[in-house]
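Good morning, and thank you for coming. Please look at the sequence and the structure together as I speak.

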Amino acid sequence: MKVLFLLLLPAVLCDIRTFRIPNELIVVGVLVGSGYRLCHPGEMTFLYYLLSMAAMFILLIPFFKLRAIGGGDVKLLSLCGLIQGFGSALSIALYAFFFGGILSVFYLVYHRFFSTQKTKERHIIPFSIPVFLGVVTEQFWGGVLWQIF
């Protein structure tokens, strides 16, 4: 889990600053995550973690197509599948959507009532923050789907 925290921190910082998660960071994450899983396979095989990454990617593509999350966020959650496995990554994604909804409400209230800027531009929330909160919640509180997987 420490590996995932170390990979998410630069992603969050880049996402806050530029609203993008660089592909170079994802590539480093895949290499580090693969190395970690090869050295510490855990209960499952390395193939399981690769399939978990692919399954998370396939599950999140519709959200990308609907413009609910960005492509970097899809790749970041897929990286969670590589490092944590499918069940934990799915819990992280559910927590991230929950925290993203809460963050969106706060953002909406702030811009509606407290912001002096009244333009009708598209507002974007860096989704890596809810992903990071989902990882923290999954680590310390446990997975939502722990009974199933």
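In helix H1, the buried residues are Val3, Leu4, Phe5, Leu7, Leu8, Ala11, Val12 and Asp15. Buried here means under 20% relative accessible area, exposed means over 50%, and partly exposed lies in between, with a 1.4 Å probe and protein chains only. Helices (H or I, at least four residues) are DSSP runs, numbered from the N terminus. This is a predicted model, in which local features need pLDDT of at least 70 and side-chain atom pairs count only at pLDDT 80 or more, while totals for chains, interfaces and linings use all residues. Residues are numbered from 1 along each chain as its sequence is written, and side-chain values use heavy atoms, with hydrogens and water left out.

Against which helices do the buried residues of H1 pack? They pack against H2, H4, H5 and H6, where contact means heavy atoms within 4.5 Å. As a general point, an α-helix has 3.6 residues a turn, so residues three or four places apart point the same way.

Let us check the length of H1. The expected span of a helix is 1.5 Å times one less than its number of residues. For the 17 residues of H1 this should give 24 Å, and the end C-alpha atoms are 25 Å apart, which agrees.

Just after H1 comes Phe19, with a positive phi of about 60 degrees, although Phe19 is not a glycine. Phe19 is placed in the loop between helix H1 (2-18) and helix H2 (23-39). Phe19 counts as partly exposed because its relative accessibility is 44%.

A second residue of this kind is Arg67, which is not a glycine and has a positive phi of about 65 degrees. Arg67 lies in the loop between helix H3 (46-65) and helix H4 (71-84). With 63% relative accessibility, Arg67 counts as exposed.

I turn now to the interior. A nonpolar core is a set of buried Ala, Val, Leu, Ile, Met, Phe, Trp, Tyr and Cys residues joined through side-chain atoms within 4.5 Å. The largest such core has 29 residues, and those with the most contacts inside it include Leu4, Met56 and Cys80. Two or more residues each come from H1, H2, H3, H4, helix H5 (86-114) and helix H6 (128-141). Which helix gives the largest share? It is H4, with seven residues.

Finally, consider Lys65 in helix H3. At 65% relative accessibility, Lys65 counts as exposed. The C-alpha atoms of Lys65 and Gly87 are separated by 23 Å, and the two residues are 22 residues apart along the chain.
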